Amino acid sequence: MSGRTQKISKNETCPQKKGTTSEGYVTGQTFLWITENNLTDTDQLGDGMLEFILSPSNLNRAYQQVKRNKGSGGVDKMEVEPLKDYPVEHKDELIASILKGTYRPNPVRRVLVPKDNGQKRQLGIPTVVDRCIQQAIAQVLMPMYEPQFSDHSYGFRPRRNAHGTLRKCQAYITDGYKDAVDLDLEKFFDTVNHSKLIEILSRTVKDGRAVSLIHKYLNAGVQVGSKTRTSEEGVPQGGPLSPILSNIMLNEMDKELESREHKFVRFADDLLILCRSKRSAERTMSSMIHFIEDKLFLKVNREKSQTAHIGKVKFLGYSFYKSKGEGRLRIHPKSVTKMKAKIKELTFRSNGWGNARMKEALRQYITGWVNYFKLADIKKLLLRIDQWYRRRIRMVIWKHWKRVRTRVKNPIKLGVRKSKAWEWANTRKSYWHTANSFILKTTITTENLRKAGYVMLSNQYRKG
C-alpha cells in the first residue's frame, strides 16, 4: 500500500495497512437503528448480531480498548498509533467486506515467550485492525455468555481474579476437602478443536455470519518467519478473542463438573478439583480425563496431572495447608525460586541499565509480586528473602565500585576506618562473599538502602 491514497479494487478483501477509530464511525453509517439504549440487549440480537458488532458505539469502544492495551504490530508491522487514521480512507470497505463475507483476516505473527519450565509459550499477535474487530466481537460475546458461565470459573471474567480462586480453595479445604485432582490440559490454546468450538458457539450465537467471522479468525493461520502455516486447530493466545473463546469451550467442562456436584475452581485452563478422599480423587480424575478427551477433543497431560494431598499441590503459584481447622495459603517454593531468578536478571550488571532504571524495575517487580502473593502466610519468609536480597544489592554495589580507590573512598564516607577500607578494597574474595562481610553489612545498611531508593519485600508487604 502506498500511503493513504491507494484505492481498493472491488475484488480485493479489506486492506490492513491502517486501522479503525471512533471518529470514522460517527458519520456515514447504515446502522443508525442500533441505539445506545439497546446496545447491551444482546439476548434479542438474533440474526442481527453482526450489525451489532459493527455498530459505531461498539467499534469505538473496541478501538479505545486496543489503544489502551497498546502491544506490538502484527504481520503488516503496523503499530497501534497509526490506527486512528484508518477510517478516513477505509471504514466503508472494511465494514462492507465483513457484511458481505469477503473479509479475510491476516495470519497472526508468531511470538515465543519463555515459560517457568524452560519451554516456550506460543503467542499469536494479530494485526491492529484484526485486534479491533476481535475486540468488537469479544465485547458482544461477553454479556451473552457471562450468565452461562460457572460460578467456579475465575479467569478472564469481569470482577474476578486469581485471588478469588484461591479464597474459594481455602473455603473448600476448611470444609474438609483435603485431596485434590490437578488436571493439566496439554497445550490447551494450541489444540482447541475448531469444529467442537463452533458447534458450542452456534447454540447461543444465532447469527451465522458472526459465527463465520469467528471461524475465519480461527483459520487465519500463523506466520513464522516468511512462511504462513494453516491453523486447523487451536485458539492463538495474544488476541482479544482468545480469552472469551477459551472460557466458552471450557464452560462445557465446568457444567459437567457441576452436574456431578464436584467442588472445583478453574482459572483459564488451570483446573483444581477438591475431594474428601484420595480414592474419590482418583475416580474423579479418571472419569474427567475420559470426558475431556472424548467429548471436548482436548488432551490431558498425564505426566503433569496428578491426585495429591492439598499440601503437595502447586496452583497459581501457591500451595495449601491446614492449621487449626482452617485452610491456609503459602507460596510454593518454585515461585520463590522464580522470583529470585527474576531479581538476579534485573540486577545483572551486563544489562546496561543505570542505577535509577534498575531501582525502578526492582520496585515495580517487587510491588507486583508482593501484591499477588499477599494472601499467603509470608511474613517470616519475606524477612529471610530480604536478607538474600540485601546481600544481592550489596554485591551489585560492590561491583559498581570496581576501582580500588572507589572501594576505599566510599566506605570511608560511610564511617569505615581507612586501614579497614584499604584491606577490603584489595580483597581477592568473591563478590558474593564480600557482600556478606562485616564492612559492607555495617555500611550499606537496610536504612541506607531504603534512603537510596531500594524497596524491601517485607516493607512492601506491611504496606499492603
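What follows is a chat about one predicted protein model.

Biologist: What should I know before looking?

Modeller: This is a predicted model, where local features need pLDDT of at least 70, side-chain atom pairs count only at pLDDT 80 or more, and totals for chains, interfaces and linings use all residues. Residues are numbered from 1 along each chain as its sequence is written, and side-chain values use heavy atoms, with hydrogens and water left out.

Biologist: How many helices and strands are in the chain?

Modeller: The chain has 19 helices and 10 strands. Both are DSSP runs numbered from the N terminus, with at least four residues (H or I) for a helix and at least two (E) for a strand.

Biologist: And what share of the residues counts as buried?

Modeller: Of the 464 residues, 49% count as buried. Buried means under 20% relative accessible area, exposed means over 50%, and partly exposed is in between (1.4 Å probe, protein chains only).

Biologist: Which helix does H11 meet, and at what angle do the axes cross?

Modeller: Helix H11 (residues 333–346) meets H12: their axes come within 10 Å and cross at roughly 165°. That makes H11 roughly antiparallel to H12, since angles over 145 degrees count as roughly antiparallel, under 35 as roughly parallel, 65 to 115 as roughly perpendicular and the rest as oblique. The axes are lines fitted to C-alpha atoms, for helices over the stretch in contact, and the angles run from 0 to 180 degrees between N-to-C directions.

Biologist: Which residues in H11 and H12 meet?

Modeller: From H11, the residues include Ser-335, Met-339 and Leu-346, and from H12 they include Met-358, Tyr-365 and Trp-369. Contact means heavy atoms within 4.5 Å.

Biologist: Where is Asn-371?

Modeller: Asn-371 is in helix H12, which covers residues 355–372. Asn-371 is partly exposed, at a relative accessible area of 33%. Asn-371 and Tyr-461 are 90 residues apart in sequence, yet their C-alpha atoms are 7.6 Å apart in space.

Biologist: What about contacts across the whole chain, how many link residues 24 or more positions apart?

Modeller: Such pairs account for 73% of the contacts with a separation of 6 or more.

Biologist: Changing topic: is Arg-131 buried or exposed?

Modeller: Arg-131 is buried, with a relative accessible area of 7%. Arg-131 lies in helix H4, residues 128–145.

Biologist: What does the side chain of Arg-131 reach?

Modeller: The Arg-131 side chain reaches the backbone oxygen of Pro-126 at 2.9 Å. Leaving out residues up to four places away in sequence, Arg-131 touches several others, among them Val-66, Lys-70, Val-80 and Pro-240.

Biologist: Back to helices. How do H14 and H15 cross?

Modeller: The axes of helix H14 (residues 404–413) and helix H15 (residues 418–425) come within 8 Å and cross at roughly 145°. Residues making the contact include Val-404 and Pro-411 of H14, with Trp-422 among those of H15.

Biologist: What is the phi of Glu-261?

Modeller: Glu-261 has a phi near 60°, which is positive in a residue other than glycine. Glu-261 is in the loop between helix H9 (241–259) and strand E6 (263–267). Glu-261 is exposed, with a relative accessible area of 69%.

Biologist: And where is Lys-324?

Modeller: Lys-324 is in the loop between strand E9 (318–323) and strand E10 (326–331). Lys-324 has a positive phi of about 55° although it is not a glycine. Lys-324 counts as exposed, at 88% relative accessibility.

Key. A polar contact is a pair of N or O atoms within 3.5 Å; within protein, one must be able to donate a hydrogen and the other to accept it, and residues adjacent in sequence count only if both atoms are side-chain atoms.
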